[in-house]
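Here is a quick tour of a structure for someone meeting it for the first time. Have a look at it, then read on.

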Amino acid sequence: MERDRFHELTAAYLATRYEVIAPDRERLVLRVGELHPELDRRLAVLGVAQWAFLTAFNPWSEPLSEAENDLRQEALFRKLDAEAYARWPGAGIGATGEWPPEPSVLVLGLDEDVARRLSREFQQNAWVQGAVGGPARLLWVKRAF
């Protein structure tokens, strides 16, 4: 049963579009396993080598109310702001439409260790991590399924 849940979540995350709104309002679409040269170009101009795509919505993929999710997301933003990380708004948009888009954030310069800590703290199953020149990667928080 738990293994089925892991495979179901993996398939859903891999089919998701991770949309980001750049400061010039251009929408960039990220996908796990793909390169993103336009994002790379923008980050290189800023001197940023890596990024993470995070959310605090729906802990362990269990739906919460909009109000609860908004409070969680604000708490994530406060933590990022306290460390002075630049962030661009975004959303994870599933391929099937069964799950509503999840407001998210692309965090510039966030390394894998900090992204893992934040993802665990906000009870996320996984997050998307990337570096200039490489593909976006789906990384899992250590959690038994």
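Predicted model: local features only at pLDDT ≥ 70, side-chain atom pairs only at ≥ 80, totals over all residues.

## Salt bridges and a pocket

Asp24 is partly exposed, with a relative accessible area of 48%; partly exposed sits between buried, under 20%, and exposed, over 50% (1.4 Å probe, protein chains only). Residues are numbered from 1 along each chain as its sequence is written, and side-chain values use heavy atoms, leaving out hydrogens and water.

Which residue forms a salt bridge with Asp24? That's Arg42, with the closest N and O atoms 3.0 Å apart. A salt bridge here is a side-chain nitrogen of Lys or Arg within 4 Å of a carboxyl oxygen of Asp or Glu. Arg42 belongs to helix α2 (residues 37–46) and Asp24 to the loop between β1 (17–21) and β2 (27–30), so their pairing ties together parts 18 residues apart in sequence. Helices (H or I, at least four residues) and strands (E, at least two) are DSSP runs, numbered from the N terminus.

Arg42 counts as buried, at 11% relative accessibility. Arg42 also meets Glu38 in a salt bridge, and both lie in helix α2, 4 residues apart, about one turn of the helix. Asp24, Glu26, Glu38, Arg41 and Arg42 are linked in a network of salt bridges. The structure holds 13 salt bridges, including these:

| Salt bridge | N to O distance |
|---|---|
| Arg42 and Asp24 | 3.0 Å |
| Arg42 and Glu38 | 2.9 Å |
| Asp81 and Arg87 | 3.0 Å |

In the Asp81 and Arg87 pair, Asp81 is partly exposed at 43%, and Arg87 is partly exposed at 29%.

The largest pocket holds about 600 Å³. A pocket is an open set of points on a 1 Å grid over the protein atoms alone, where a 1.4 Å probe fits, with protein on both sides within 12 Å along at least five of seven lines; lining residues have an atom within 4 Å of a point. Points are joined across faces, edges and corners, and the volume is the space filled by probe spheres set on them.

There are 29 lining residues, and Leu9, Ala12, Tyr13, Thr16 and Trp99 lie nearest the centre of the largest pocket. Helix α1 gives the largest share of the lining, 6 residues.
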